[in-house]
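Here is a short report on one protein model. Keep the sequence and the structure in view as you read.

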Amino acid sequence: MRFKRFEEDARPEEIRDLASGADVEPDVRAILDEVRRDGDAAIRRLTERFDRVPAGAQQSLRVAPAEIEAAAETLDPHVLGALRAAIANVGEAARAQVSDGVRVELAEGQRVDVVEVAVRRAGAYVPGGRAPYPSTVVMCALTARAAGVEEVAVCAPPDSTGAAQPTILAACRLCGVSEVYRMGGAQAIAALAYGTESVAAVDVIVGPGNSYVQEAKRQLTGSVGIDSLAGPTELVVAASAGAEPELIALDLLAQAEHGPESLLALISDDADLLEAVETAVGKRLASGDGLLAAADDVSLALVHTRDPAAAVELADRLAPEHLQLAGEAVEQLAPRVRCAGCLFVGRDAGTAFGDYIVGSNHVLPTGGRARFQSVQSVATFRRRMARVSLSPGAGAKLAPAGAVLASAEGFPLHAESMARRA
């Protein structure tokens, strides 16, 4: 792990540059064009190229229902129990967000209903580069189901033999998903957006992924709905005196498990705490623990500020995916935070709980987009639609003012349309 020190006048872009990856825009555009042109055949070529599954070893893109049904029986009972616990918490939190909309009765006698309508079909991307992520199935599929989505399709990269990951299939089965595809990367996003011979196009695509996946979602925005650009993981910790260095170091290293594109930063007014966390991270890395190999190429920004308020302010300007507040002084400033995908407050509120089990959703905006994008929720899968009705006489009351406005804008037939109702 590389350490880089900053002072509080550092610009958010300087800190973010530590985790910047290569520009993949041209490569992703070529992949999208290939899938749109060649459909299933392109998916198979790209699966061989990126997932290294020889064409002869590839199975049908769609996983057979019987394979999904049988997957849960292959899981360790403890894993199965943990999945059920996550499903219970995430499902309850998701169902609590569902709204039937609002009705407004207005003075002239008209009524405006703003109703919420679920999209018909959603696609969930589940990463599979370093390991399968059944937790992402729970976050995406369960939330879509709670929102009222009729059809949920899940896609995840196959393993090196061309097979679907059993833990992914088991999670799909437990979440009521029977449509699963063996495909990953930007090509999977293209298939969900455009449709192929084997894959029906969806209305919304959700889920985290690497830079190729997120660039594909960005390029396809407008052709299909997306949740947010949920790229490589980010954790910013704003800490003050009293925070535990070993716990902070562990939380930072935990997110480093996701790989070299992770953004990790510790911001504090306490120089001794910054030093202690750096030492604790170094000791853990020096322990020879092979599980920490993913952290080798990750950078950690250490930022010293004049006081706790400045630490929280800089963290808020970074608008990270995950923001932890540790230490009494910064924890008291939690109400000031406006820009974070998910905020974790206090000693025991480690980001890892949000990744799996606490009930919040782990599909969050990255790249500073928490300034204007939200956590995945039932709202991701629902549209608001206005439904208007006018009681007898309401048209007569509204038409004079409406006709004046229409005429002023140069639309005489709009004016007449309203006036004829008077």
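Arg-11 and Glu-14 form a salt bridge, with their closest N and O atoms 3.8 Å apart. A salt bridge here is a side-chain nitrogen of Lys or Arg within 4 Å of a carboxyl oxygen of Asp or Glu. Arg-11 is partly exposed at 45% relative accessibility. Glu-14 is partly exposed too, at 32%. The cut-offs are these: buried is under 20% relative accessible area, exposed is over 50%, and partly exposed is in between (1.4 Å probe, protein chains only).

This is a predicted model: local features need pLDDT of at least 70, side-chain atom pairs count only at pLDDT 80 or more, and totals for chains, interfaces and linings use all residues. Residues are numbered from 1 along each chain as its sequence is written, and side-chain values use heavy atoms, with hydrogens and water left out.

## A buried pair

Arg-16 and Glu-234 also meet in a salt bridge, at 2.8 Å from N to O. This pair links distant parts of the chain: Arg-16 sits in helix H1 (residues 12-16) and Glu-234 in strand S9 (residues 234-239), 218 residues apart. Helices (H or I, at least four residues) and strands (E, at least two) are DSSP runs, numbered from the N terminus. Are the two partners buried or exposed? Arg-16 is buried at 18%, and Glu-234 is buried at 5%.

## Inside helix H2

Asp-33 and Arg-36 form a salt bridge, with the closest N and O atoms 3.1 Å apart. Both lie in helix H2 (residues 25-38), three residues apart, or about one turn of the helix. Asp-33 is partly exposed at 33%. Arg-36 is exposed at 52%.

Salt bridges also link Glu-34, Arg-37, Asp-38 and Arg-45 in a network. How many salt bridges does a search of the whole structure find? The search finds 26.

Strands of a sheet pair through backbone hydrogen bonds, either parallel or antiparallel. Two strands pair if DSSP finds at least two bridges between them.

Strand S3 (residues 110-118) is joined to S14 by nine bridges. Glu-116 stands opposite Arg-384 in S14.
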